[in-house]
Amino acid sequence: MSGVWETGFAGREEELETVARCRGEAVAGRPWLVVVEGASGIGKSALVRRALAPGKDGMRACWAGCDRSEQDLPYGVVDRLLRRLPAGTSGVQELAGSLAPAASPLAVGADLLAVVAAVSDGGPLAVVVDDVPWADEQSVKALGFMVRRLFTESVLVVLIARTGEAGSGGTPAGGGSGWQGLARGAAPVLPLRLKGLGRGETARIVAGAGFGGLGRAAVDRLHEWTAGHPLYLLSLLAEVTPEALADRSRPLPVPSSLEAVIRKSLGRLPQESRRLVEALAVLDTTVPLGIAAQLADLTDASGALGPALALGLLRWQPDNPTTPLRIHHPLQRNAVYQALSPTRRRALHAVAATLVGADQAWAHKVAAASGAAAQSLVEELAAEADRLADHGYLDRAATLELWAADLSPTRDGHEHHLLTAATHLLVGELPARALTLRDAVEHCVPTARCDAILGRLASVRGDFDSAEQLLTHAVATASDAQTHLLASTWLGSSCILQIDGAGAAAALRPVVDAVPAGPAACRARGSLATAVGFADGPRAGLEVIAEAGLPEHADSVPKPESKLLYFRGLLRMLAGQLSAGAEDLTTLIARQHADANIPVWPSDHYALALARYLTGHPQDAAISAEQSLLVADTAAQPWGLPLGHAVAVLVHALQGRWEPALEHLGACRRTARTFPAFSSFFLMLAEATLAQARADHRAMLQALRPLDDPTTVPPGMRTSFLVLWAPLLIEAVTADQQPLPEDLHRAEDALHASAGLARNTPALTATSHWLHARLAAAHGDTTTALTHYQAGINAPTRAGDDIPLHRAFLHHDLARHLLATDGDRTQATNHLRLAHKIYTTLGATPYTQRAADDLTRLHPHTHPTATPTHLPANALTEREHHVAHLAAQGMTNQEIAKELFLSPKTIEYHLSHVYTKLDLTSRRQLRALQFTAA
């Protein structure tokens, strides 16, 4: 029944119609993500091919299949996608050349977005990733970034994934590697879960295969037997005659499983055809006919091909000169492969290793190995793994070490290679795969290396007590330098996540002294500086950074030491050196934009967001906060999410955008459950700042209560982030007319610590005097309060280093103090106007309104005015605000796109909406801002 496999597609009308709607919207510039899941052989790929068939809309399809044998090769799927994009596409060669193992998924994803958007400018595009659970982790992250940044492009993304349903042949190892996260943050998403065909669809396939004479009862019986599984159904129809199926007087003469059908088909093939199919089962990839023929030892490859095609066992590309082919479906391949005898299988693998590329050959060598040859291969695998690890291919190196472990004839050898593989994965920051080895490592003979690995895995799981115990023991018992350094580094990292500054510093100091110069040394020193900052404050942390001898100016810092700019920038900002900290962080992020090999962390952007917020650039802070969330989501670093959400709350609260502020606060609460020791402080900060913006000082004080509970907010966070929480606490306490003695004591302690930080830090002078004045006033010492208010007012304003919001508070509070103590009303008016002006410049809507209300009460017939330098807070969406803000700074669409990780088309779309949504006054305001920037 050779015509069975030429049967046209049947059924799935509802699914096709649904995908067609998504396709239509994508063509119109509303991207969609379609996720097609189902058991192996259920017709997922066939459905997608039919849904994406060429049509009048001009949509082109770019397919990339994922291969389990290449799951450990970084950016393999991205590379395949690039090779299938239209020839001459701008940026493809540059991106393909940058796909090194150390390349940041964020940078690769941004470049991939630019490439795909450029292709879609020439007509709608479908990007299809088949067998996505087999995709390598780096490609998944890069694709996830691209999907999250598609907004107006004519792009349809389709993911195809087999599930672990019966008959699927199992799910991929590491199938939980995170591909499902591709749909997180992408909107909109269409999930399609395919099941077996219905009876009517089965009947149409049966008829199309030449079995039109079968009665309804026979078709129903066939449907029940196959459960509507398309591959099983077509395989049966290729094996059984219509007469046999129609004879209801006899049991259904068909094999009881798909595997049995495939083996029966294999047995019907001529000998040479069978050898060809077996060779392809061993090769397990698409290869030229000539390669398959060599492995099968055929003289007439074309003659052997025909019968196998007729039975639907092979898929080929006859239009290609090399006639590439492979087995039609993985279920068929598995059945054929399992039917081979062990001796035949090893013999074919041995020859296959000589016919394929060097990297593919290793799997064939392993499958062919036996006896004495296996021991020799163990040594070869280990040597190649070392070479790959030296070049950064740690995931692939781990695979080779695991093969070496499986082939090792002794327990010592097996465990050595197993632990080496686990080490590669943990050093390469691939914890998901490393966790799959946990049970095997636990069954190894106890050693310091075992303890170190299990301790690191415990830390990854959030079991910090076990992590500390295991890693401490590993540090104490390690007999080799590498294990000692690894255990010390991992112990320090675990302590930092617990905000145990002293413990982290003790563990990391030997690492800094021992690690040679390079990225690892930079990270170790930066982590040590962070730990010392937790223990002794940000200035002490900066002294650790200073030991590295970095140039003062960020631009002069050598490129290999770029990551130290994050640690120095954060500590400078927390020490009150705001402009220098912002310069470090801005330079680092600019370098990350230009070089994909500089690692990107969510903390890079959240730290810059805080610096921008403090220095009076709230809209820039909002952009950095969004980028922090994007990085955390893309890089699967959930600890970064509460940080980004918290800073977003600060900005929206300042601007009086209550709805998005509450949305981000809710998200901060949800995500703070991950690593609560680190996240609880930022949740507290967000809640207190929102209450501050609403002038609800009781709620503000209540939000800050966790500061007194070291089990909720670790002391290290109090020590290092003093510049953020101390002003909030002192303001909240002194706002009460009769503060509780214990609260006043808390405020006095905070003021003492804050004064120590402000000493010799000019940027904090005005802030320090403002806080001293409030506390003096709370004690009833109006003279001292006035002295501090005046000293704060007279403190020179340092461009880029001042905290404008605090200076506005200083003017506002001084005006109220003058009015409350029968002071000079003219001076009070002037200070209110200055506060109102600063608030207006910041876009601090709630505070602006309060200053305006105070002025109106003081001068009922006067309405304060100020020239706004920002857009109306509630007129635009968050993204429209970001786009309009950068446009008002004079940036081009291309520059805005690069800054916001969007396509130029999306920027054009948002700018057009900005003008249509604003009223006439706001449009004029935006034009004025653009003119001023220009």
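The legends below accompany close-up views of a predicted model.

**View 1. Packing of helix α8 with helix α9.** In this predicted model, helix α8, which spans residues 216-226, packs with helix α9, residues 230-239, at an angle of about 125 degrees, and the two axes are 9 Å apart. That angle makes α8 oblique to α9, and the crossing of the two helices is right-handed. On the α8 side the contact is made by Leu 222, Trp 225 and Thr 226, while α9 contributes Tyr 232, Leu 233, Leu 236 and Leu 237. Sorted by class, this contact of α8 with α9 has 6 nonpolar residues and 1 polar residue, with no charged residues.

**View 2. The surroundings of helix α9.** Of the 10 residues of α9, 10 are buried, so this helix is largely enclosed by the rest of the structure. The buried residues are Pro 230, Leu 231, Tyr 232, Leu 233, Leu 234, Ser 235, Leu 236, Leu 237, Ala 238 and Glu 239. Besides α8, the helices against which these buried residues of α9 pack are α7 (199-208), α10 (242-246), α11 (258-268) and α15 (330-339).

**View 3. Packing of helix α28 with helix α29.** Helix α28, residues 538-546, and helix α29, residues 564-574, pack with their axes 8 Å apart and at an angle of about 150 degrees. Because angles over 145 degrees count as roughly antiparallel, α28 is described as roughly antiparallel to α29; the crossing of α28 and α29 is left-handed. Pro 538, Gly 541, Leu 542 and Ile 545 of α28 make the contact with Leu 564, Phe 567, Arg 568, Leu 571, Arg 572 and Leu 574 of α29. By class, the contact of α28 with α29 comprises 7 nonpolar, 1 polar and 2 charged residues.

**View 4. Tyr 566 and the residues that it touches.** Tyr 566 lies in helix α29 and is buried, having a relative accessible area of 8%. When residues up to four places away in sequence are not counted, Tyr 566 touches Leu 585, Leu 588, Trp 601, Ser 603, Asp 604, Tyr 606 and Ala 607. For a reference distance in this view, the C-alpha atoms of Tyr 566 and Leu 614 are separated by 17 Å, and these two residues are 48 residues apart along the chain.

**View 5. Two loop residues with positive phi.** Most residues other than glycine have a negative phi. Asp 284, in contrast, has a phi near 55 degrees, a positive value in a residue other than glycine, and is found in the loop between α12 (271-283) and β6 (287-288). Ile 499 likewise has a positive phi, near 55 degrees, without being a glycine, and its place is in the loop between α25 (481-497) and α26 (501-514). With a relative accessibility of 5%, Ile 499 counts as buried, because the cut-off for that class is under 20% relative accessible area.

**View 6. Cysteines in the model.** The count of disulfides in the model comes to 0. Cys 22 is in no disulfide, and the nearest cysteine sulfur, which belongs to Cys 62, is 19 Å away, whereas a disulfide would require a pair of cysteine sulfur atoms within 2.5 Å. Cys 22 is buried, with a relative accessible area of 3%; Cys 522 is buried as well, with a relative accessible area of 6%.

Terms used:
Residues are numbered from 1 along each chain as its sequence is written. This is a predicted model: local features need pLDDT of at least 70, side-chain atom pairs count only at pLDDT 80 or more; totals for chains, interfaces and linings use all residues. Side-chain values use heavy atoms; hydrogens and water are left out. Axes are lines fitted to C-alpha atoms, for helices over the stretch in contact, and angles run from 0 to 180 degrees between N-to-C directions. Helices (H or I, at least four residues) and strands (E, at least two) are DSSP runs, numbered from the N terminus. Angles under 35 degrees count as roughly parallel, over 145 as roughly antiparallel, 65 to 115 as roughly perpendicular and the rest as oblique. A crossing is left-handed if the near helix is turned anticlockwise from the far one by less than a right angle, and right-handed if clockwise. Contact means heavy atoms within 4.5 Å. Ala, Val, Leu, Ile, Met, Phe, Trp, Tyr, Cys and Pro count as nonpolar, Asp, Glu, Lys and Arg as charged, and the others, Gly among them, as polar. Buried means under 20% relative accessible area, exposed over 50%, partly exposed in between (1.4 Å probe, protein chains only).
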